[in-house]
Amino acid sequence: MYEASPGETILPSRQEVRSSRGLQDKLIIFLFLLPSTVIFLVFVVYPIFHSVYYSFFNWKGLGPAVDFIALDNYKRILTDRVFLIAVKNNLIIVFLSLLLQLPLSLGLAILVGRNLPGRAFFRSIFFMPYVFSEVITAIMWLGLFNPDPDRGFINALLILIPGVEPFPWLADTRTVLLCVFVVLSWKYFGFHMLLYITGLQNIPLDVEEAARIDGANRYQLLFNITIPLLSSTIRTSVYMSVLGSLQQFILVWIMTHGGPVNASEVMSTYMYRFGFVRFYLGYGSAVAIVMFLICLAFSLVYQRLTPQQDYLGGI
Amino acid sequence: MTHKIFTLLSIILIAVFALSGCATPATTVPTEEAVVEAEPTQPAPTEPPAEPTAAEAEVEPTVEEQPQVTVTWWHIQVADDQKALWQGMADEYMAAHPNVTVEITVLENEAFKTKITTMMQSGNPPDIFQSWGGGGMNEYAIAGLLKDITADLEKDGWKDTFSPGALGVFSFEGKYYGVPRDMGAVGFWYNKDLFAQAGIEAPPTTWSEFLEDIQTLKAAGITPIALGEGDKWPGAFYWEYLAVRIGGQAAFDAAYSRKGAFTDEPFVEAGVKLQELVALDPFQEGFLGATWPDEQVVMASEKAAMDLMGQWAPGAFKDASVDKQGLGDKLGWFPFPAVEGGAGDPADALGGGNGFVVGKDAEPEAVDFLKYISSVESQIAQAEIGLSVPVVKGAEVGLTDPMLVLVQQGAAAAKYFQLYYDQAMPPAVGGVVNDAVQGVFAGTLTPEECAAMIEESAQMELK
């Protein structure tokens, strides 16, 4: 049965105090969260549902949407040759980023994060492109890539080599996507490098020292100690790189408009072309939803498949 | 469990955030700040435009008590002297009407097209803005985004001041939504010095002569043609003009009214002829990625001999040249060459006009201001700086540039005047024409595929 203890009369009142303070805390938390939640709902969640709605219509964006066509927009997207080119180009950018851009960032991070003389200087130099706005980056590289050697720096350098003709980098269907990738890498490698530097700083030096005492060489140290301990950072970096590559718009649109003839078309430029150039806003909305689903599917699969083990936490 | 839910939730939120940048075409917030940034930064011109004194007399000073009205005006004249002319006219009008503020937004052509689309989709048109009439304007008119100014035009004979053909571009189903500013034809602008250097005595009149001249120019080490095919519409002129020369009015009318199709022989043949041209590699290096402003620089710096462009080209060349003088006397003009055996009359012209339309929420003051900037005096001033081939009767006297006189005569001589395809048809078809023709330029589409792409969109849009 119920047994009273001496402290019993005091205890509830303490709890009361605690719970009322808890309530107050929660209220404060709630109030602080409220503005951003409202903005998030109004400007992000609501438009997404709106896009879903419009994606079922043949709608030009002017006046109300009335011509309901159910899933026709989606059928057209998935059979459209140009959209498939755009998806392919997105995937090329994703894979090139993973294969070239991230290893480069990691290598530089290991160099400038640790023992390179003048590393602070290099660190800020490498990070600088990330600070520039994307529009400025695009316009700057447009100038560099200009096919006229009098105006484009890259071609001006090229023609100094005897026998080499200026090359229209962004105007050739074979090179345009690679050029876009170069600019993307230039812009974002500093960001990933910074992520890795932060990750590196979290690795305790004594682990590496212990490995060195045990006779590990630099190669073993890198692949058996440093990289495994960086795994959670790498996971984040890969995640951001893939999503960023899938959604890249500004640089591509300003530099090439997805052209020439769709050679650098990506999903977002395709969406923009239909939504805002050809006035098929319903169709454009459907493309946006398809992009959203692709990104969401990637996120879920990625979180499920990548090992959640955190070696660093185990130390 | 809660951990999983949180993980899932955060994934969704991240994905949503990451996508929100592009997934929201539905909520196009009108960008107020962009308007401010696009506002002309230069001070009011020190020299007022040439002839406005007579116009001032027309403008009665208004009563003080009238409510303040702001008229928003978007134009695309980015060249310094043209921008200054408009700003000067706005300043004069404001001086005469203290209750009216004219807010000018100057945008480059492509930027304008992007921005006006967004503004229209948000249901928020400026009071007065650039338009090419035709299909694009009709879309806006159907959606009720433009103001019907027919009554204003009928009043005091305003309508009769315009040449009827040019004004007609701004009417849809018997109602007028704007007024023209100029009307002209596309033709070849060429550098006489470079032609002489290559030993070409007279500009070509037929397609085969044209192709021969291109080879002659190439043999002389001169780039024959400047082209900004990255913007697509400059190249579409070639295909459209070839279709006009080969098929004439009948072919277009049949395809447009759906009695025929854009897969009909003349439209395929236009692509074949275009292939012949592209095979000679006559364009400057990197033309597929170049823009119209790039094209201007190529011409203005005398790095190419020819440019197929409309009546606005000389003004643009001037602005693109280092000394702002353009090519001067070196610049010549000849009409698009006739195609042997084509059904079209060699005098027929492809072209169109520029003008201003009135947004649905415009106050009467906006229409009054539009009238002011469309006056014969304004038109003379525009013609004098090479901005417009005038459409108001009596303004031809301002047309001192002999080249523009040629264009005007060329346009006037045309028995059939073909409006640019991207203006004559709905924007979606126009967009496909531009995209498909670029494929022919790049060699990725055959003439048949190009025609089929255009036909497919015409089937969807033209009824």
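In chain B of this predicted model, strand 7 (residues 187-191) and strand 8 are partners that pair in the antiparallel sense over 4 bridges.

Put together, 3 strands form an open sheet in the order 8-7-9, with antiparallel pairing. Which strands lie at the edges? They are strand 8 and strand 9 (331-334) of chain B, each of which pairs on one side only. On average, neighbouring strands of this sheet are turned by 30° against each other, direction ignored.

What holds such strands side by side? Strands of a sheet pair through backbone hydrogen bonds, in either a parallel or an antiparallel way.

| Helix of chain B | Strands of chain B touched | Angle between directions |
|---|---|---|
| Helix 13 (residues 292-300) | strand 7 and strand 8 | about 145° with strand 8 |
| Helix 17 (residues 402-413) | strand 7 and strand 9 | about 10° with strand 9 |

Now look again at strand 8 (residues 306-309) of chain B. Is each of its faces covered or open? Both are covered: B:Met306 and B:Leu308 on one side are buried, and so are B:Asp307 and B:Met309 on the other.

**An enclosed helix in chain B**

Helix 6 (residues 134-142) of chain B is another element to find. Since 8 of its 9 residues are buried, this helix is largely enclosed by the rest of the structure. The buried residues are B:Gly134, B:Gly135, B:Gly136, B:Met137, B:Asn138, B:Glu139, B:Tyr140 and B:Ala141. Just after helix 6 of chain B comes B:Gly144, which takes a positive phi of about 75°.

**Chain A, a chain of helices**

Among contacts in chain A between residues at least 6 apart in sequence, 67% join residues at least 24 apart. The accessible surface of chain A comes to about 17,300 Å², and 70% of that belongs to carbon and sulfur atoms.

One part of the surface of chain A is worth a visit. A nonpolar surface patch of about 850 Å² is made by A:Leu27, A:Phe30, A:Leu31, A:Leu34, A:Val38, A:Ile39, A:Leu41, A:Val42 and A:Phe43. Take A:Ile39 from this group: its place is in helix 1 (residues 10-54) of chain A. Why does A:Ile39 count as partly exposed? Its relative accessibility is 48%, and the partly exposed class lies between buried, under 20%, and exposed, over 50%.

A:Glu209 and A:Leu221 are 12 residues apart along the chain, and their C-alpha atoms are separated by 9.6 Å.

Notes: Residues are numbered from 1 along each chain as its sequence is written. Chains are lettered from A and ligands numbered from 1 in the order in which they are written. This is a predicted model: local features need pLDDT of at least 70, side-chain atom pairs count only at pLDDT 80 or more; totals for chains, interfaces and linings use all residues. Side-chain values use heavy atoms; hydrogens and water are left out. Patches are made of residues with over 30% relative accessible area and no salt bridge: like charges are joined within 9 Å, nonpolar side chains (Val, Leu, Ile, Met, Phe, Trp, Tyr) within 5 Å. Accessible areas come from the Shrake-Rupley method with a 1.4 Å probe; for residues, only the protein chains shown count as cover. A salt bridge is a side-chain nitrogen of Lys or Arg within 4 Å of a carboxyl oxygen of Asp or Glu. Helices (H or I, at least four residues) and strands (E, at least two) are DSSP runs, numbered from the N terminus. Buried means under 20% relative accessible area, exposed over 50%, partly exposed in between (1.4 Å probe, protein chains only). Contact means heavy atoms within 4.5 Å. Two strands pair if DSSP finds at least two bridges between them. Axes are lines fitted to C-alpha atoms, for helices over the stretch in contact, and angles run from 0 to 180 degrees between N-to-C directions.
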